[in-house]
Amino acid sequence: MSNIYLVGFMGTGKTSVGRELARRTKNKFIDLDDLIESREKRSIPDIFAKDGEPHFRKLEKETLLEVSKDKGLIVACGGGIVLDRQNIETMKKTGKVICLSASAQVILERTSRSTHRPLLNVASPKEKIETLLKARASCYALADETIDTSGFSVKQVADSIIKILPD
Ligand code: S3P
């Protein structure tokens, strides 16, 4: 099986859905952000704070390229992976790109409990979410499929993905 890449905005459930999908399809799960953190031995907020977003994007691109050499993986990607067209090409060449979506309100609710997302650690996260969603819409639209997760459980979203996977 080629890889399955889960993309989509922060808080759309890529990691939880990816784990569930991997469990049900008996494939290996990789969370790209976790892999970057374990290799760098520091957190993503730390990478953003000390070296800036461009450096994080470089690490993200390198890690994706490496992971894409393997097969049969379910890969949960960071929300900004689609900003780089070469990343999209890498994913499309080596698998299927599935975008998870959710409304700004749902994203706000799901992300407000955590502080590990540097881009949302701002005075007005709701505005930031709306601005980033607009700016990124054309990038997320390049995915092979989009699945709305608002109001659905992790299991329900995994069910919808399994239905559209090639046999
Ligand atoms: C980012 C999303 C984060 C992480 C980093 C940047 C983004 O991943 O990669 O904070 O630009 O949307 P999640 O989507 O898993 O939160």
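Visitor: How many helices and how many strands are in the chain?
Guide: The model is a predicted one, in which local features need pLDDT of at least 70, side-chain atom pairs count only at pLDDT 80 or more, and totals for chains, interfaces and linings use all residues. Residues are numbered from 1 along each chain as its sequence is written, and side-chain values use heavy atoms, with hydrogens and water left out. Helices (H or I, at least four residues) and strands (E, at least two) are DSSP runs numbered from the N terminus. By that rule the chain has eight helices and five strands.

Visitor: Which pattern does the chain follow along the sequence?
Guide: The pattern is made up of the eight helices and five strands. Read along the sequence, the elements follow β-α-β-α-α-α-β-α-β-α-α-β-α.

Visitor: What radius of gyration does the chain have?
Guide: The C-alpha atoms fill a box of roughly 45 × 35 × 25 Å along the principal axes. The radius of gyration is taken over C-alpha atoms, and the globule rule is 2.2 Å times the number of residues to the power 0.38. For 167 residues a compact globule would have a value near 15 Å, and this agrees with the radius of gyration of the chain, 15 Å.

Visitor: What share of the contacts with a separation of 6 or more joins residues 24 or more positions apart?
Guide: A contact means heavy atoms within 4.5 Å. Among contacts in the chain with a separation of 6 or more, the share from residues 24 or more positions apart is 75%.

Visitor: How much space lies in the largest pocket?
Guide: A pocket is found on a 1 Å grid over the protein atoms alone, as an open set of points where a 1.4 Å probe fits, with protein on both sides within 12 Å along at least five of seven lines. Grid points are joined across faces, edges and corners, and the volume is the space filled by probe spheres set on them. For the largest pocket, this volume is about 560 Å³.

Visitor: Which residues that line the largest pocket are the closest to its centre?
Guide: Lining residues have an atom within 4 Å of a point. Helices α1 (14–25), α2 (32–40), α3 (44–51) and α4 (53–67) each supply at least two residues of this lining. Of the 30 lining residues, the closest to the centre are Met10, Asp33, Gly78, His116 and Arg117.

Visitor: Which residue caps the N-terminal end of α2?
Guide: A side-chain oxygen of the capping residue lies 3.2 Å from the backbone nitrogen of Asp33. The cap of α2 is Asp31.

Visitor: Is Lys41 buried or exposed?
Guide: Lys41 is in the loop between α2 and α3, and has a positive phi of about 55° although it is not a glycine. Most residues other than glycine have a negative phi. Buried means under 20% relative accessible area, exposed over 50% and partly exposed in between (1.4 Å probe, protein chains only). Because its relative accessibility is 74%, Lys41 counts as exposed.

Visitor: Is Asn87 buried or exposed?
Guide: Asn87 lies in helix α5. Not counting residues up to four places away in sequence, Asn87 touches Lys61, Leu64 and Ile81. The relative accessible area of Asn87 is 2%, so this residue is buried.

Visitor: Which residue has its backbone oxygen 2.8 Å from a polar atom of the side chain of Thr90?
Guide: Thr90 lies in helix α5 (residues 85–94) and counts as buried because its relative accessibility is 13%. Leaving aside neighbours within four places in sequence, Thr90 is in contact with Leu64, Leu65 and Ser68. The backbone oxygen 2.8 Å from its side chain belongs to Gln86.

Terms used
Polar contact = N/O pair within 3.5 Å; in protein donor to acceptor, adjacent residues only side chain to side chain.
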